[in-house]
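Morning, everyone. Have the structure open while I talk.

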Amino acid sequence: MIPLRFISGLAESIIAAAASRVGKTVLHLDTNDYYGGYWASFNLEAFRKYLHSKVDSSTDSAPTAEPINNTFLRLNSLPTGVRNGCERWFDFAEKGDVDGWNRERIEQEFRRFNIDLAPKLLYARGTMVDLLISSNICRYAEFRALDRVATVWDGRIMTVPCSRSDVFTSKDVNVIEKRLLMKFLQSCASYEADAEAKEEELEGKTFLEHLQAHKLTPNLIHYVLCAIAMGNERTPCREGVAAVKKFLMSLGHYGNSPFLFPVYGCGEIPQCFCRLCAVFGGIYCLNKAVEGVQLDTCNEGLKYESVKCGKQNISSKHVVVGQGYLPRAAFRTHTPTDCGKLKPCGNLARAVILTNVPFGGASQNPGGGGVAILKLPAVNNRQDGVTILQMSHSSGTCPKEIYLIHATTTAITQSPEEDLKPYIAQILSNDYTAPSKTAEEDGSIPEEGKVQRENTTSTILYEAYFNIPSCLTCAEHANVSLPEGVHVVCGPYHELDYDQTIEQAKAMFHEIYPDEDFLPRAPDPEEIIIGEEEPVPEQSDSVTENNEPVDNASECRETEAETSVAQEAKEDTIDKAEECTEHK
């Protein structure tokens, strides 16, 4: 049974790894020459090429409908193209270099960048980390702990106190606020134990009203609501309390941070699952053009039969298709459904920005900045705020002395720059002012008394904006039915971790293989036995060719005798050498 996949997105990669792990035959066909689809990572040159090559050819939000001709369904071309892409450089020609950086130098360092299309963080006790550990896939990648959780309060970028030590050492929270915050966090940590007692207390109100009922001050409410629960003013109370508990339960497992980030970018995650699939026999063909799907008629309608790749038809029992490949004609029924409780995939406004200074300045980013997250609340009556991730060179995603910033929010208009500019303007600047000379720098103060002024303004050196679209099902809020044997998965969701993607992949795996375990633990290399091992005879059973016992003691005596003869010969040689030296 061969589940064929046309794009190496994360959900498809998880399903393929799970199928290969339980002994199924997996063939991966990808029209791209890279892994990941919308989950991929690129260097700077490849990212700019991807941004421009997809803009002109993929401008529509939904694939063009094409009827099924003679049970052959032609697939869409360029299914993983981003929409509304644009880029802009700092005006180096007119304004000069910025802290030694210019366009030529940045472009020369393009190989040191790993730019994610859909950047994420992993909760230390989240679904993805649990899956990586339980399946033993974690050995295929490296991770580092998050260095900082920040937010903007009263016009200043501030570090959010998360752990007990952070709360009591923070200078931005007074003594009374520290006690209120610790008491509230402890109540959230014991949420499940007192769930029945708190049933009436949590129902029928928002998490913001719950915070106000605990008499938290405005700055504490902002910290908990935006930076810890990652919510907004409409977040349900029970959902907010569960998010705070998840945050707290993840603290302390891998350093003083609740989050992990994969070194070299989130594009490593789908590749980890692809590696496991290949180890257990999965076959991968990148840059393979797939023309369409051949269907067959049955009593219930249409049934999947094979895929066409050039002149070759490849038959299988199931095909798993990624976002954007199937046109409307593939859906047998197409009826609107109430998706109020379901979060659609895609529909993301994204920004990729390079700056010279980490947000807040170097003093707020010890150790070079590392990886930091900054959550900003919604502005201008919008529903969702923005999630900003900052990477330094220690994350393996950019060179030294430059910072890679990702901004993600729900798309409101067809212009991602317009959707994100109100948030970007709060922390970054398009202007650069060289530090002015002070009395110390002019030489009025002795050399040992000079104090260097810190630059806290992050200047945008390069910025790119684009949209990641929703799949056809999520875009139209449709309840669709596909031909038998055809399975479609969604793209990236607007979530911090990978919970919804893993949930979808697990559900689809059990739909295809209802009696199989989902991603059981893979053995370590030293545990794998290839072929049959030859039996090793025990020492007590050692016999000669004449079936006589081997005299191990006599062998030891002969070895000792040979050793003593060699030692005597060595001593004679040394004596002769000494005599020759004396004569000379």
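Which residues does Phe273 touch, not counting residues up to four places away in sequence? Before the reply, some housekeeping. This is a predicted model: local features need pLDDT of at least 70, side-chain atom pairs count only at pLDDT 80 or more, and totals for chains, interfaces and linings use all residues. Residues are numbered from 1 along each chain as its sequence is written, and side-chain values use heavy atoms, with hydrogens and water left out.

Now the reply. Phe273 touches Leu10, Ser13, Ile14, Ala17, Met128, Leu131, Leu132, Ile137, Tyr284 and Leu519. Contact here means heavy atoms within 4.5 Å.

Next, the helix. Helices (H or I, at least four residues) and strands (E, at least two) are DSSP runs, numbered from the N terminus. In α12, the buried residues include Phe273, Cys274 and Leu276. Buried means under 20% relative accessible area, with a 1.4 Å probe and protein chains only. Among the elements covering them are α1 (10-21), α5 (127-134) and β12 (283-285). Just after α12, Gly281 takes a positive phi of about 105°.

Now the core. A nonpolar core is a set of buried Ala, Val, Leu, Ile, Met, Phe, Trp, Tyr and Cys residues joined through side-chain atoms within 4.5 Å. The largest one has 112 residues; Ile106, Phe273 and Leu519 touch the most other members. α1 gives the most to this core, with eight residues. A second, separate core has 23 residues, including Ile157 and Val379.

Last, a charge over a ring: NZ of Lys or CZ of Arg within 6 Å of the ring centre and within 35 degrees of the ring normal. Arg105 lies over the face of Trp101, at 3.7 Å from the ring centre.

Technical notes: Buried means under 20% relative accessible area, exposed over 50%, partly exposed in between (1.4 Å probe, protein chains only).
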